[in-house]
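These are my notebook entries on one protein chain. I set down what I looked up, entry by entry.

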Amino acid sequence: MELPNAAPLVLVLAATLSFAVAYDPLDPNGNITMKWDVMSWTPDGYVATVTINNFQMYRQIMAPGWTVGWTWAKREVIWSMVGAQATEQGDCSKFKANLPHSCRRTPAVVDLLPGVPYNQQIANCCRGGVVSAYGQDPSASVAAFQISVGQAGTTNRTVKVPKNFTLLGPGPGYTCGPAKVVPSTVFLTADHRRKTQALMTWNVTCTYSQHLASKYPTCCVSFSSFYNDTIVPCAKCACGCDHKTCARTERDSKRLMSASGKSAVTAAHPVPVAVRGHVNRQSAAPLLQCTTHMCPVRVHWHVKLNYHDYWRAKVTVTNFNYRMNYTGWTLVAQHPNLDNITEVFSFDYKPVVSYGSINDTALFYGMKFFNDQLMEAGPYGNVQSEVLMRKDDTTFTFRQGWAFPRKIYFNGDECLMPPPDSYPYMPNAAPAAVSALSLLSSSVAGVAFLALLMA
């Protein structure tokens with residue numbers, strides 16, 4: 001049976017789904033905004049400062065860093081850049097004397113590496129493209145570069161803004177809207193006694209979609225609890241079923257990387273993250289440890305102890321990728337009792353309040369110079385912490401999986417949760433004093449959990 005006039009409905013549904021796919025309910029206002037401020041005119045164009053602001057609460061840009069691209073509206077060229085560089089010069093054969101930095105109509109720009117000469121730097125540049133999440137470190141969530149554009153307009157009326165902006169961060173997933181001319185940015189002098197403003201300003205907003213970034217999830221979640229020696233593992237093939245190129249042991253991983261001419265970065269031979277990322281930009285294919293779930297990262301939530309007024313959960317993040325270190329990683333958990341955290345051990349913590357007074361989401365990340373780097377797969381490829389929460393008598397229960405999180409995100413990507421009907425069974429109440437039997441059960445669960453980590 002045919003449905004009349006179905007085409008308009010299909011178009012509306014497609015437009016709705018394409019919009020919703022880039023919407024994150026835990027960070028509804030998260031985006032990356034690129035701001036172009038024209039600071040001065042030149043004989044044939046302008047000089048602009050481009051600022052990249054990461055307004056995402058828990059999604060950073062890791063090594064090998066960001067790549068920004070666009071299409072010039074006319075026949076503009078880039079005469080010079082400070083704090084960044086175009087990846088290709090293009091065909092500049094029509095220029096006889098001074099050659100432009102790039103003549104491509106669709107340039108791709110990347111950040112400079114740390115340690116470049118000072119005359120090539122500006123503020124907030126030269127971190128190898130690494131940008132922190134706004135919720136984790138606002139001061140490091142900004143990147144910037146300066147660009148001198150030629151063969152362009154020299155007034156507000158003759159300048160044509162670029163179009164078709166793209167952003168890799170470092171891989172796909174971001175979709176950018178058109179550039180919009182906005183009121184000129186106002187700047188304060190160092191003594192805060194004088195204001196200056198840009199000659200012209202336009203903004204470009206980019207949003208992230210996990211569905212565009214990856215066909216499969218990039219992490220999974222497993223559960224366990226006291227009083228129960230059952231461990232609920234990650235779902236089988238949670239992140240795909242490509243077992244052809246995985247490594248069953250650490251020795252296998254070294255052999256496979258040696259055969260492909262790629263070496264793993266280990267703690268014994270550290271390489272700066274930005275440098276490592278740019279070297280391996282073309283060879284970032286993961287080499288995973290062979291598991292049933294085949295996920296690069298697993299997050300394990302263990303309900304550890306139940307006190308009279310408090311309860312404690314242990315969180316362990318394990319890396320199964322032999323070719324990737326996660327520096328500046330973030331972990332987000334959604335649970336109704338996270339509004340009453342008493343103490344977090346070994347991780348830094350911030351609440352994520354996206355909807356008024358609803359405080360059921362927490363952002364965890366590593367402590368600087370202690371565990372802010374999740375090492376590659378192996379004996380050191382995990383970080384762990386414990387969270388102590390105070391009970392709310394009106395909501396607290398151990399029934400129907402209430403003690404387990406509703407959602408888990410790692411580095412801004414939502415992890416695949418186990419099916420609800422597989423959650424470990426737990427008693428709804430615990431005795432005031434922990435008995436010998438409960439201690440024995442906790443020990444059995446602990447041994448089983450260690451065996452899971454070694455799997």
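**Entry 1: a network of charges**

Which residues are linked in a network of salt bridges? I found that K304, R312 and E386 form this network. I note at the outset that the model is predicted.

I looked up each pair in turn. E386 meets K304 in a salt bridge, and their closest N and O atoms are 2.5 Å apart. E386 belongs to strand β24 (residues 382–390) and K304 to strand β16 (residues 297–306), so this pair ties together parts that are 82 residues apart in sequence. E386 also forms a salt bridge with R312, at 2.7 Å from N to O. R312 is in strand β17 and E386 in strand β24, so here the parts tied together are 74 residues apart in sequence.

E386 counts as buried because its relative accessibility is 13%, under the 20% cut-off. R312, at 16% relative accessibility, counts as buried as well. K304 has a relative accessible area of 28% and is therefore partly exposed.

**Entry 2: a lysine without a salt bridge**

What is the nearest side chain of opposite charge to K314, and how far away is it? It is E386, at 4.9 Å. K314 is buried yet has no salt bridge, because a salt bridge requires the nitrogen and the carboxyl oxygen to be within 4 Å. I located K314 in strand β17, which covers residues 310–319. The side chain of K314 does make a polar contact, at 3.1 Å, with the side chain of Q384.

**Entry 3: a further salt bridge**

I recorded a count of five salt bridges. One of them joins the side chains of D37 and K35, at 3.8 Å from N to O. Is D37 buried or exposed? D37 has 2% relative accessibility and so counts as buried. K35, with a relative accessible area of 22%, is partly exposed.

**Entry 4: the end of a strand**

T42 is part of strand β1, which runs over residues 32–42. The side chain of T42 reaches the backbone nitrogen of Y46 at 3.3 Å. Beyond its neighbours within four places in sequence, T42 is in contact with V47, V149 and T154.

**Entry 5: backbone angles in loops**

Most residues other than glycine have a negative phi, and most peptide bonds are trans.

The peptide bond from A63 to P64 is cis, with omega near 10°. P64 sits in the loop between β2 (45–54) and β3 (67–71). Another cis peptide bond joins G169 and P170, with omega about -10°. P170 is in the loop between β8 (163–168) and β9 (174–176).

H192 is not a glycine, yet its phi is positive, at about 60°. I placed H192 in the loop between β11 (186–188) and β12 (195–197). Its relative accessibility is 59%, so H192 counts as exposed. S346 also has a positive phi, near 75°. This serine lies in the loop between β20 (341–345) and β21. S346 is partly exposed, with a relative accessible area of 28%.

**Entry 6: a nonpolar patch**

Which residues make a nonpolar surface patch of about 310 Å²? They are Y23, Y355 and I358. Y355 lies in the loop between β21 (347–351) and β22 (361–366). I noted that Y355 is partly exposed, at 39% relative accessible area.

**Entry 7: the chain as a whole**

Finally, I looked up the totals. The chain has five helices and 26 strands. Of its 455 residues, 47% count as buried. The chain exposes about 23300 Å², and carbon and sulfur atoms supply 57% of this area. Among contacts between residues at least 6 apart in sequence, 73% join residues at least 24 apart.

Technical notes
Residues numbered from 1 in each chain as written. Predicted model: local features only at pLDDT ≥ 70, side-chain atom pairs only at ≥ 80, totals over all residues. Heavy atoms only, no water. Patch = residues over 30% accessible without salt bridge, like charges linked within 9 Å, V, L, I, M, F, W, Y side chains within 5 Å. Areas by Shrake-Rupley, 256 points an atom, 1.4 Å probe, with all protein chains shown as cover. Helix = DSSP H or I, 4+ residues; strand = E, 2+ residues; numbered from the N terminus. Buried < 20%, exposed > 50% of the residue type's maximum accessible area, 1.4 Å probe, protein only. Lys, Arg positive; Asp, Glu negative; His and termini not counted. Polar contact = N/O pair within 3.5 Å; in protein donor to acceptor, adjacent residues only side chain to side chain. Contact = heavy atoms within 4.5 Å.
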